[in-house]
There are 2 protein chains.
Amino acid sequence: MEIPSKILETAVDELATLPGVGKRSALRYALHLLDASDSDFAAFIGALTRLKSDSHYCSRCQCISDTPVCPICSSPKRNQKIICVVENVQEVMAIENTAQYTGLYHVLGGVISPLDGVGINDLAIRELLDRIPAEQTEEVILALPTTMEGDTTNIYIDRQLKQFPNLKVTTIARGIAIGDNLEYADEITLGRSIVNRIPFEKA
Amino acid sequence: MEIPSKILETAVDELATLPGVGKRSALRYALHLLDASDSDFAAFIGALTRLKSDSHYCSRCQCISDTPVCPICSSPKRNQKIICVVENVQEVMAIENTAQYTGLYHVLGGVISPLDGVGINDLAIRELLDRIPAEQTEEVILALPTTMEGDTTNIYIDRQLKQFPNLKVTTIARGIAIGDNLEYADEITLGRSIVNRIPFEKA
C-alpha cells in the first residue's frame with residue numbers, strides 16, 4: 001500500500017504507533033482528521049495536548065486525577081486500611097465498576113518488563129512502600145495481570161512487603177468465570193481453581 | 001465506565017470521534033499518549049498538525065499530493081484519456097495496488113449524502129466536468145461504492161456527463177469474487193453477475 005503523500009504517510013505512521021492500530025486503520029483516522037473542520041481538529045489536538053501538559057496524579061494512589069488527592073483517596077467512605085495494587089487506571093475503573101471494593105488503590109503505572117525497558121524505578125513501588133507505614137495499612141491486595149511481567153512484579157513487591165511483619169498480603173481470586181463451562185476453560189485456570197477451592201457457602 | 005479525570009475524559013471523547021474507535025480503545029490510546037515520552041508525543045502531534053496545515057491536493061485529480069500535480073497525473077506513462085472517478089484516496093491506492101490500471105483518477109472527496117450534510121458542492125464534481133473538455137477525455141469510469149449514496153452520486157455524475165456526447169461512461173464490473181463459492185454469494189451480486197455475463201474467453 002503506497003501512500004501518495006509524504007505528509008500523509010508521516011501522519012499515518014504516527015497514528016499507527018497507537019496500541020492495536022494498523023496502517024489501514026491509521027489511514028482512515030488520518031483522512032478523517034484531514035476532512036474534519038478546523039474547529040473540530042483544534043478541539044482534538046487541544047484535548048490531547050492538555051492531556052499531556054495538564055494531567056496530574058493523585059499524590060497518594062498515583063492515579064490520574066484533576067485534584068492533588070483523588071476522590072477515592074479523599075473519600076471518608078473508603079476503607080483507608082486496604083490498598084489494592086493495580087497496573088493502570090483502567091483496572092481502577094474496572095474494579096470500581098463492580099461496586100464491590102471499598103478500599104483504596106495504588107497505581108504502579110506498569111509492570112516490570114526488562115524487554116520494554118521498564119525497571120523497578122519506573123514504577124510507583126517506592127511510593128507504595130512509603131504509604132504503608134504512613135497510612136497504617138493493614139492489607140495489600142496484589143491485582144497485577146497474570147503475565148510473566150505481572151508475576152515478576154507481584155513477587156518483587158511481595159518481597160519488599162516482608163519488611164512490614166503485620167501486613168496482610170493477598171491477591172485476587174483466579175478461577176473459572178461465572179457462567180463459564182469447565183470443558184472450555186484453559187488448564188492452568190482450571191487447575192488453579194481446583195487447588196484454591198473455597199468452602200461452598202462462601203461462593 | 002467512569003473516568004476519574006476530566007482532562008483524560010475529554011481526550012478520550014476526542015479520540016472516540018475517530019472512525020470505528022469506541023470509548024475503550026480511545027482510553028487505551030489516551031493512556032498510551034500520556035505514557036509516551038515528550039519527544040514521541042511532540043512527533044505525534046506535529047505530524048497531525050502538519051497533515052492538516054501543509055496537505056495539498058493535486059490540481060488535476062484532487063488526490064492528496066505533496067506536489068501541485070500528483071505523480072500519477074504528471075506521469076507520461078499513464079493514459080491521459082481515461083479518468084477513473086473514486087470517492088477517496090484509499091480507492092486510488094487500492095486500484096494502484098492491482099497494477100492493472102494505467103489511466104488517471106479523479107477523487108471526489110466523498111459521495112452525496114444529505115444525512116451527513118454532504119451536497120454536490122462539497123464534492124469535486126465541478127472540477128471533473130472542467131477536466132473532460134480540457135484534457136479531451138475519452139472515457140470516464142465510475143468506481144464509487146455500491147451504497148445508496150454512491151449510486152445517487154453515480155447517477156448524478158452520469159447525467160452531468162451527458163453534455164459530452166462523445167464521452168464513454170463505464171463502471172467497474174461487479175460480480176462474484178475470484179475464488180468465491182456461488183452458494184455463499186449474496187443474491188444481488190450473483191444476480192448482477194449473471195445479467196452482466198461476459199464471453200468465456202475474456203474471463
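This is a predicted model: local features need pLDDT of at least 70, side-chain atom pairs count only at pLDDT 80 or more; totals for chains, interfaces and linings use all residues.
Figure 1. The same surface serves both copies, since 96% of the contact residues of chain A recur in chain B.

**Figure 2. The side of chain A that touches chain B.** Chain A contributes 47 residues to the contact, and chain B contributes 47 residues. On the side of chain A, the elements giving two or more residues are α1 (6-15), α2 (23-35), α3 (38-54), β2 (64-65) and α4 (89-98). Among these, α3(A) gives the most, with 11 residues. Sorted by class, this side of chain A has 28 nonpolar, 10 polar and 9 charged residues.

**Figure 3. Packing of α2(A) with α3(B).** Helix α2(A) packs with helix α3 (residues 38-54) of chain B at an angle of about 50°, and their axes are 9 Å apart. That angle makes α2(A) oblique to α3(B). The crossing in which α2(A) passes α3(B) is right-handed. From α2(A), the residues A30(A), L33(A) and L34(A) meet L48(B), L51(B) and K52(B) of α3(B). By class, this contact of α2(A) with α3(B) has 5 nonpolar residues, no polar residues and 1 charged residue.

**Figure 4. Packing of α3(A) with α2(B).** The axes of α3(A) and of helix α2 (residues 23-35) of chain B cross at roughly 50° and come within 9 Å. That makes α3(A) oblique to α2(B). Helices α3(A) and α2(B) form a right-handed crossing. The contact is made by L48(A), L51(A) and K52(A) on α3(A), together with A30(B), L33(B) and L34(B) on α2(B). In the contact of α3(A) with α2(B), the classes are 5 nonpolar, no polar and 1 charged.

**Figure 5. The domains of chain A.** The domain assignment divides chain A into domain 1 (6-54) and domain 2 (64-172). The C-alpha centres of domain 1 of chain A and domain 2 of chain A lie 33 Å apart.

Conventions: Residues are numbered from 1 along each chain as its sequence is written. Chains are lettered from A and ligands numbered from 1 in the order in which they are written. Two residues are in contact if their C-beta atoms, placed from the backbone, lie within 7 Å. Helices (H or I, at least four residues) and strands (E, at least two) are DSSP runs, numbered from the N terminus. Ala, Val, Leu, Ile, Met, Phe, Trp, Tyr, Cys and Pro count as nonpolar, Asp, Glu, Lys and Arg as charged, and the others, Gly among them, as polar. Axes are lines fitted to C-alpha atoms, for helices over the stretch in contact, and angles run from 0 to 180 degrees between N-to-C directions. Angles under 35 degrees count as roughly parallel, over 145 as roughly antiparallel, 65 to 115 as roughly perpendicular and the rest as oblique. A crossing is left-handed if the near helix is turned anticlockwise from the far one by less than a right angle, and right-handed if clockwise. Domain bounds come from an automatic or database domain assignment.
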